[in-house]
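Good morning, and thank you for coming.

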Amino acid sequence: MCGIVGYIGHREAYPIIVKGLQRLEYRGYDSAGVAIFDGEKINLAKTKGKVEDLKKKAESTISLKGNLGIGHTRWATHGVPNDINSHPHYSNSGDLVIIHNGIIENYESVKKELTKRGYTFESDTDTEVLINLIEEVQKTEGVKLGQAVQIALNEVVGAYAIAVFDKKKPDEIVVAKLGSPLAIGVGDNEFFIASDASPFIEFTNNAVYLEDEEMAIIRLGKEIKLRKIKNDAVAYPNILELKMNLEEIEKGGYDHFMLKEIYEQPRAILDTYRGRLRASQGLIKMAGIDQNLEKFMNANRIIIVACGTSWHAGLVAEYIFEDLARIPVEVEYASEFRYRNPVITDKDILIAISQSGETADTLAAIKLAKEKGAFVFGVCNVVGSSIARETDAGAYTHAGPEIGVASTKAFTTQITVLTLLALKLAKEKGVFSESRFHEFLTELETIPAKVEKVLESNALIEIIADVYKDSTNCLYLGRGYNFPVALEGALKLKEISYIHAEGYPAAEMKHGPIALIDDQMPVFVIATKKGHYEKVVSNIQEIKSRKGKIIAIVTEGDTQVTELADHVVEVPETLESLSPLLNTIPLQLLSYHIAVMRGCNVDQPRNLAKSVTVE
Ligand code: G6P
């Protein structure tokens, strides 16, 4: 993973780079570094730890003056997180410096070859090998930096987004991409380089997103030209005008991004269906489906691939598609699907769900399905991301930037898009009567207000969090549509509070987890009306008779579960298939408060990263 930032132009590079790195910390935060060229030499500071640690070190040890620089925030792959393995990395001569997001798979054989030629290495990283390979090419072939980078990249196998500069040529930065994202912000004779647009959005709305196997030599006083890494073909870049604004990527008065993003859900869900859902006209308009309706109507089945929270949204979608549109669905972890030689035909539709649109396993699953002839539809949040570009068609979630590593609004907006898709297909297939369709559309329109209502339980949830904050294990139970919600609730707690938690289908409890239940075990049960309410009530009785602590999510006005449970959180009534959109909110808030009370870093939990661009 890792985040990269670079700047060349007339401003001071250091503040832009450091602020940019802070915005990219969701990509990795175990170490960080900067290299700034002051007109004569490169000043480099790097450290294990967060960008805040880097700032302290850089500001007390090096000169920060200069209009050319690069910076990096790391999520370690090769080499433990320490000062030496942090980026940027120098070449042996000290002239070249690089930042890299990705993995060079054949670095050991290249390193051996370079060692024979007298190169030495300080770090354990694949990146230091790459920068020395570039230097070796420069020397032996007598070529300029751009060409040396190109030749070197043709000798390595792996994934990368890199930025390199040479102190002997301080008017240019060379960048290249394969597999990891790289955006160039284009200002007035100044250029910004970053893993996404957030580091430069306050300076320019104009951005160029490099495609895989593309590189660019960014030179002051010149227009950017893109070059294919493999064959020298030159292309003029497509400069996009970005709509993102600064406020969206800042905390806006909340203590953490995660809390802000939880609270943004009413607006995010509304933005997701805005312009698509027209309840009064009985219409759902979605360009990605309207233009490919035949494919969907003739599909034998839908295969959903995703990872993490997006995979949970896929599980909810399985219930929705099968229940509402009567289309067979399989949901797979992208990492399993890509390696298990799956049977795929051109009658299959693959739906890839990804907040970031960059997850390496999901991307690989898409490529595999395309090779086998399937039509691939993407559900992504990040506009212009790799998955959004790789898929045949798709629908954005429009949740706005999600910075907290634990996914919240991405989940509910993914479910919203997939619900719209299923409803549209149900209608087209004639599975739904006009009145049922209308009932769904009208109810969907009420969801943002109902989510708002759920958020009003925040104070109560904080009290419950205080009671259970010291638990060592928790169980989450749900049935039907709310089984994936139980999985997602458990994942949220694990991710940010480091409490072991398991999600289970409520009825499966008696086949194993029931053995864990004693008076120390909190069991979070989704027990809203509709669906399998009576059956869940029986499961609650089973927990109660074993003295488990019961915390239930119930429908407003509930009495039966309320009598049995130790704590309840009420949510407004809705259709069963829309209930995950409401029931997931209290579980997000609960995890948030427990993690805060335990002193955990909510937005940047240990060992995790938001965008997993390695397999
Ligand atoms: C990481 C993140 C999760 C996310 C998963 C899939 O593990 O920490 O929050 O759900 O990747 O990411 P995607 O961007 O593909 O949805």
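Which strands does helix 14 lie across? Helix 14 (residues 409-428) lies across strand 20, strand 21 and strand 22, at about 155° to strand 20. Contact here means heavy atoms within 4.5 Å; axes are lines fitted to C-alpha atoms, for helices over the stretch in contact, with angles from 0 to 180 degrees between N-to-C directions. Helices (H or I, at least four residues) and strands (E, at least two) are DSSP runs numbered from the N terminus.

The model is predicted: local features need pLDDT of at least 70 and side-chain atom pairs 80 or more, while totals for chains, interfaces and linings use all residues. Residues are numbered from 1 along each chain as its sequence is written, and side-chain values use heavy atoms, without hydrogens and water.

Five strands make an open, parallel sheet in the order 19-18-20-21-22; two strands pair if DSSP finds at least two bridges between them. Strand 19 (329-333) and strand 22 (393-396) are at the edges with a single partner strand each, so one side of each has no neighbour in the sheet. Strand 20 (residues 348-354) and strand 21 (residues 375-380) are joined by six bridges, and Ile 353 has Val 379 as its bridge partner in strand 21. Helix 12 (residues 360-371) lies across strand 18 (301-306), strand 20 and strand 21, at about 165° to strand 20.

Finally, the domains, whose bounds come from an automatic or database assignment: domain 1 (3-246) and domain 2 (256-452) each give at least three residues to the lining of the largest pocket.
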